[in-house]
Amino acid sequence: MTLLASVRQQWLANPRRDLLAGTVVALALIPEAIAFSIIAGVDPAVGLYASFVIAVTIAFVGGRPAMISAATGAMALLMVTLVRDHGLEYLFAASILCGVFQIVIGLLKLGRYIKFVSRSVMTGFVNSLAILIFLAQMPELIGANWQTFALVGAALVIIYGLPRLTRAVPSPLVAIVLISAFVMMTGLDVRTVGDMGQMPSTLPVFHLPAVPLTWETFAIIAPISATLAFVGLLESLLTANLIDDLTDTPSNKDRETRGQGIANILSPLFGGMAGCAMIGQSIINVTSGARGRLSTLWAGLFLLFLILVLQDWVARIPMAALVAVMIMVSIGTFDWGSVLKLRSTPFQSSIVMLATTMTVVATHDLSKGVVLGVILSAVFFMRKVGKTVVVEEIETPEDGVLRYRISGQLFFASADVFAAAFEHHGNPKRVEIDMTDAHLWDLTGVAAVDKVVFRYRRQGAEVEVIGMNAAGQTLVDRVGRHDKDHLPVGLSH
């Protein structure tokens, strides 16, 4: 019964909203899939087939209900060189290997470690994507006629105005339908989806990559596949985190990791390229009311229906309507509060957020920005934690006896602070170091304890380290020297 309830909750909790939201997503997927195919240097059918296969597959095997995965710009940019130098068949092979890598990562349960990405990095990631989504609309507006700007403005009025009257139907869907109908009736001269590229007219068919199964082939595709796997999982898991926050529901990151791998193996087997989660379409889906897997499944199925059955009608949809939807997405995605609170936010957090945002926008590479943000977060964290180790001298009535109480975290970032805190003067007969309130983390921490102990022993003092917890004692037993050697080799009183 629990399994049945879970299936019902994930698939049939609100089918009407899921179907309507998936319809909007399918319409928005078409021009983006075509554009990403052009970026990668392949036929538009490759991106469209990929979006269909990945969306349908991830609906069943993904770990985040209502998240949309398809062909993406981040992945397409990584494919350009491979397609140019070796051709489409090698792209199919690289996409399959990318999926294999992702499944292995999922089986190793590494997806859960996305929780170590700080809130500042997440904010930078979200803001940079919002900016990139907005900038991606500029080619449709720069040099466009006044009618295009008027249509975009009208569509935005519908998108933001309709929810004040009713939320029965997603306002982006209404905007697309009304603007399209107006353009078809008036015959306005504006760019349409058909101007983006030729859509396929047949169902995708099963196809094995026509590449030699040799180590040379593996050497060609493996570096690209590994990069695709990393970037795809990074964008997918960070998008899953964002959707978790927006819907206040959890997701299974390891299942999502495996699911992305399965989808990226199936996609090239049916003429598509590797893909990952799409933050823009996922935001459209969720803000349109979707919460279940049915929305993702329907987005993929309806996409195929649109390009095969309603191709002539879809080709006449004005790009202005879809640009308006994506502008709405970029405005809604950007965390405006992060800018307004820059002065009150801790300096280090602001630096991480701004560095992540600017790097992604400058390079159009999500991985570079997020990796930089994670490194900066780690550096700031280590600097902060490194200062938390406290060495306190305890007064004692006994002559020639020194007692110290240690508290905090002793590891490579705090080892120097720890060692410098001891007074190495006089001739104490006995030194007691109490580590009851401290935790020893690594080899550098052990080496710092050895250093302090041996310094005192060289002065002729008897040194005792007490209160160490089980984990710290185990580490000392394995690599420490002060508990085994009275003095370092070659030294004597």
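Predicted model: local features only at pLDDT ≥ 70, side-chain atom pairs only at ≥ 80, totals over all residues.
Is A66 buried or exposed?

A66 comes out at 0% relative accessibility, so it counts as buried. There is something else to look at here: the phi of A66 is near 75°, which is a positive value in a residue other than glycine. As background, most residues other than glycine have a negative phi.

A second residue has that feature too, so let's go there. D248 is not a glycine, yet its phi is positive, at about 55°. You'll find D248 in the loop that runs between α10 (215-247) and α11 (253-269). And how does its surface look? D248 is exposed, because its relative accessible area is 70% and the cut-off for exposed is over 50%. So in A66 we have a buried residue, and in D248 an exposed one.

Now to the salt bridges. How many are there in the model? The count comes to eight, and I'd like to walk you through three of them. A reminder for anyone new to this: side chains of opposite charge can pair when their charged atoms come close.

Let's stay with the loop we started in. R64 forms a salt bridge with D244, at 2.6 Å from N to O. The two partners come from distant parts of the chain, with R64 in the loop between α3 and β1 and D244 in helix α10, 180 residues apart. What I like here is the setting. R64 counts as buried, because its relative accessibility is 5%. D244 counts as buried as well, with 11%.

The next pair is R191 and E140, whose side chains meet at 2.9 Å, N to O. R191 lies in the loop between α9 (171-186) and α10, while E140 belongs to helix α7 (residues 138-141), so this bridge ties together parts that are 51 residues apart in sequence.

R403 is partly exposed at 23% relative accessibility, and E432 is buried at 15%. Who else joins them? R403 and E432 belong to a network of salt bridges that also takes in R430 and E464.

Let's turn to how some of the helices pack. Take α3, residues 44-61, and α13, residues 293-308: their axes are 8 Å apart and the angle is about 155°. That angle makes α3 roughly antiparallel to α13. The crossing of these two is left-handed.

Then look at α5 with α11. Their axes come within 7 Å and cross at roughly 160°. These two are therefore roughly antiparallel to each other, and the crossing of α5 and α11 is left-handed.

V100 counts as partly exposed, since its relative accessibility is 34%.

I375 is in helix α18, residues 366-386. I375 and V121 are 254 residues apart in sequence, and yet 9.9 Å apart in space, taken C-alpha to C-alpha. I375 itself is partly exposed, with a relative accessible area of 49%.

So, back to where we came in: A66 is buried and has a positive phi, and R64, in that loop between α3 and β1, pairs with D244 in helix α10.

Methods: Residues numbered from 1 in each chain as written. Heavy atoms only, no water. Buried < 20%, exposed > 50% of the residue type's maximum accessible area, 1.4 Å probe, protein only. Axes fitted to C-alpha atoms, helices over the stretch in contact; angles between N-to-C directions. Helix = DSSP H or I, 4+ residues; strand = E, 2+ residues; numbered from the N terminus. Parallel < 35°, antiparallel > 145°, perpendicular 65-115°, else oblique. Left-handed = near helix turned anticlockwise from the far one by under 90°. Salt bridge = Lys/Arg side-chain N within 4 Å of Asp/Glu carboxyl O.
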